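Thanks for sending this one over.

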Amino acid sequence: MANKTRISGSDALLKSLMAEGTDVIFGYPGGQVIPLYDRLYDYKDKITHILTRHEQGAAHAAQGYARATGKVGVCISTSGPGATNLLTGIADAMLDSTPLVCITGQVPSSILGTDAFQEADIVSMSMPITKWNYQVTTASEIASAVAKAFYIARSGRPGPVLIDITKNAQVEEVDFAYRPCTGLRSYNPKPKMNCPTSEVVELINASKRPLILAGQGVKLAGAEQALIEFAEIGNIPVATTLMGISAIPNSHPLFVGNLGMHGNVAPNEMTQEADLLIAVGMRFSDRITGAIKDYAPNAKIIHIDIDPAELGKNLRCDIPVHADALDALEAFKVGLKYVERKEWFAFAKEKAEIEKENVKGFCGEARDGFITMSQVIQKLAEVEEANAVIVTDVGQNQMFSARYSKFNQTRSFITSGGLGTMGFGLPAAMGAKVGVPEREVVAVLGDGGFQMTMQELGTIMQNKIGVKILVLNNSYLGMVRQWQQLFFNSRYSFTELENPDFAKIAAAYNIPSKRIIKPEELESALREMKEAKGSYFLEVAVFPQENVFPMVPAGASLSNLLMSED
Amino acid sequence: MNKEYIIIAFTENQVGVLNRITIAYLRRKINIESLKVSETSMKGISMFVISAFTTEQTVQKLARAINNIVEVIQVSYYTPDELITQEIALYKISSKFFDKGGRIDSVSRELGARMIEISPGYVVMEKTGTREEIEELRNRLERQGVLQEFTRSGSVVLHRDSLGDILGFEQTKE
């Protein structure tokens, strides 16, 4: 235990954060955190504070940072509107199991509940979207609250936590000593595996048509290598969920593609034909399963998840495995046999061919003289040689990025999977770049989502964050437009955007930029972006009516996927 | 099919736990019929008894969601017939009920209730029993137009076997 020293609550908070390994904070000051910011001024050599342009940007940046590094992301806002502005990012982090510690200022404890200036009941508001939250009203609670917050955020199924600190607690003095939290009697984040391992392994060995569904849990458990070994030993094909993308390199011979609404034909059709699904750290979301009653009709389901509430939540489960993905994969490797499964792999290949022949955009071609989004992403993957971190916004830009990006390394695809938050892309990419400055980070955005958080260009400018920004501009809210075209008789109700001159906006922030419109300019523009030393803004005017295919219409069975508009 | 299910949760006695539990019901739009929170024989540990009408499938998910709350130690769910359930109710009865003769104590014996307070205008009776017994008396007094006020506690329950090895929770939380 450290020696006790008498310091202010704000110092206690900053020292506690440092004790947990925090060296970057994304935040925005305001009335109820001025004492904290005053102390932060003296920690500039130890903690990098990134001043965002909106608290939502701070929350998403902390998410991007956490997702790229595996560390806990930290953000700070003031009370009231500052705190409520964090909520979208917190909800996003909750659904995507992202470890965040969010610190909000609060009015002094003596006037709590009086509708004081900038008072908002953020503890109540954030309750359904945090893994845990707590209001600190005295300085003496700070160290233990921070210790608990980090422990809960990063253990088990990770998630966001919020600590609301009243102003008086920030200024009061306290005897400070930091003790990390190592356990709570009511919380068991590391379950012991108690399932009949040999029975599971026998089931896998006997399976003729098994399929591994790899979710983000693989990354969260650091089980990427174990997954690959497990798949290789058993000769089992691997498909990833949207959140699982980059857990296994695209080039791996056992990788058969992405699952779900805009996933690949092979893994979706394989799901329907499989006699065994081995789900690892994924939650059978409706975007993965389509109509649940028709999902995987022939398969037994082995579901591995660290969160017991997920087992059987959305889908029947034959063998629930409540365990950390790494522990389970290591255990199931023992006794696992290599099985040829020639017909099964031939089936996968045949379906991949069908996709190639039938899906427009699969080969990355231009259309009607326009660059297409699918073309941009495929060319980007080529130029970046599968080494970049791709951070997407939400919509068509996201689905094309998921379909056509290529990855060599884990934690390289960062997207808002569960909540589907437009505006996530730019700030999250910024946070990711701060977390992994040595890596190339590209934000792939649509013209709609970019404009939801484009004020963060100021953060990029001020902090010289070398993130590359690629805006696919089709002058539409493309995904909604696609649904309107396919399911609402092409009635484009309020999805057309009249956009500003984005290059001028980038120029105003001193970010070098280019706008291209001709297919022949694409490759050189992407190379120029890659070679830029700092941030770079590339706007590509794309074919406005491009749709993402294949597509499983909402609520339809995976067996009914659409390959094109016709 | 919707049936009554009783969730029993043991939790740390900490601020906010009640909110987190009721949120689990609210987000599934399930109305809570009755709720009782009290400290158990172990200091610092609270027991929640929550009754609601829902399906077995939903109550199972609900119990798991509640179990995921950091401060929750143990959760299980029951149908009423698995539990020994008693409630207490207080009935404020107009004095005119007793005008037709009959001494108050003999009336209260007949009703299976206990007299708590007598005033010129009313008599307060207490009754302990199952919800059905308590409701039956309430309906009877209402039909006669003599029930002025009525209040009921939540359920106090015991399982016929055991509510779980709460004392052993420090080893595991499943």
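1. Chain B has 174 residues, and buried ones make up 45% of them. Please keep in mind throughout that this is a predicted model. The C-alpha trace of chain B spans about 60 × 35 × 30 Å along its principal axes.

2. On secondary structure, chain B holds four helices and nine strands. Following the sequence, you will find them in the pattern β-α-β-β-α-β-β-α-β-β-α-β-β. Of the contacts in chain B with a separation of 6 or more, 74% come from residues 24 or more positions apart.

3. A residue in chain B that I would bring up on your screen is E87(B), which sits in strand 5 (residues 83-94). E87(B) counts as buried because its relative accessible area is 1%, against a cut-off of 20%. Its side chain makes a polar contact of 3.3 Å with that of R131(B), and another of 3.2 Å with the side chain of R152(B). Beyond its neighbours within four places in sequence, E87(B) is in contact with a set of residues including K127(B), T128(B), I134(B) and S153(B).

4. Now to the interface. How many residues of chain B are in contact with chain A? There are 20, and they meet 21 residues of chain A. The size of an interface is often given as the accessible area lost when the parts come together. Here the area buried between chain B and chain A is about 1800 Å², with carbon and sulfur atoms giving 48% of it.

5. For specific interactions across that interface, the count is one salt bridge. It pairs R185(A) with E12(B), whose closest N and O atoms are 2.6 Å apart. Polar contacts between chain B and chain A come to nine residue pairs, both partners at pLDDT 80 or more. On the chain B side, the elements that give two or more residues are helix 1 (17-26), helix 2 (56-67) and strand 4 (72-78). Helix 1 of chain B has the largest share, with three residues. By type, the chain B residues that touch chain A divide into nine charged, six nonpolar and five polar.

6. Over in chain A, helix 13 (residues 325-333) deserves a look. Which of its residues are buried? They are A325(A), A328(A), L329(A), F332(A) and K333(A). These lie on the same side of helix 13 of chain A because they cover an arc of only 135 degrees around the axis.

7. What covers the buried residues of helix 13 of chain A? The cover includes helix 8 (197-206), helix 9 (216-220) and helix 10 (224-234), along with strand 12 (276-280), strand 13 (300-305) and strand 14 (319-322) of chain A.

8. Both ends of helix 13 of chain A have a local detail to check. At the start, a side-chain oxygen of D324(A) comes to within 3.1 Å of the backbone nitrogen of L326(A). Just after the helix, G335(A) adopts a positive phi of about 90 degrees.

9. Finally, T289(A) belongs to helix 12 (residues 286-289) of chain A. Is T289(A) buried or exposed? With a relative accessibility of 1%, T289(A) counts as buried. Setting aside residues up to four places away in sequence, T289(A) touches F284(A), Y295(A) and L558(A).

Terms used. Residues are numbered from 1 along each chain as its sequence is written. Chains are lettered from A and ligands numbered from 1 in the order in which they are written. This is a predicted model: local features need pLDDT of at least 70, side-chain atom pairs count only at pLDDT 80 or more; totals for chains, interfaces and linings use all residues. Side-chain values use heavy atoms; hydrogens and water are left out. Buried means under 20% relative accessible area, exposed over 50%, partly exposed in between (1.4 Å probe, protein chains only). The arc is that of the directions from the helix axis to the C-beta atoms. Contact means heavy atoms within 4.5 Å. A polar contact is a pair of N or O atoms within 3.5 Å; within protein, one must be able to donate a hydrogen and the other to accept it, and residues adjacent in sequence count only if both atoms are side-chain atoms. Buried area is the accessible area (1.4 Å probe) that two parts lose on being put together, summed over both. A salt bridge is a side-chain nitrogen of Lys or Arg within 4 Å of a carboxyl oxygen of Asp or Glu. Ala, Val, Leu, Ile, Met, Phe, Trp, Tyr, Cys and Pro count as nonpolar, Asp, Glu, Lys and Arg as charged, and the others, Gly among them, as polar.
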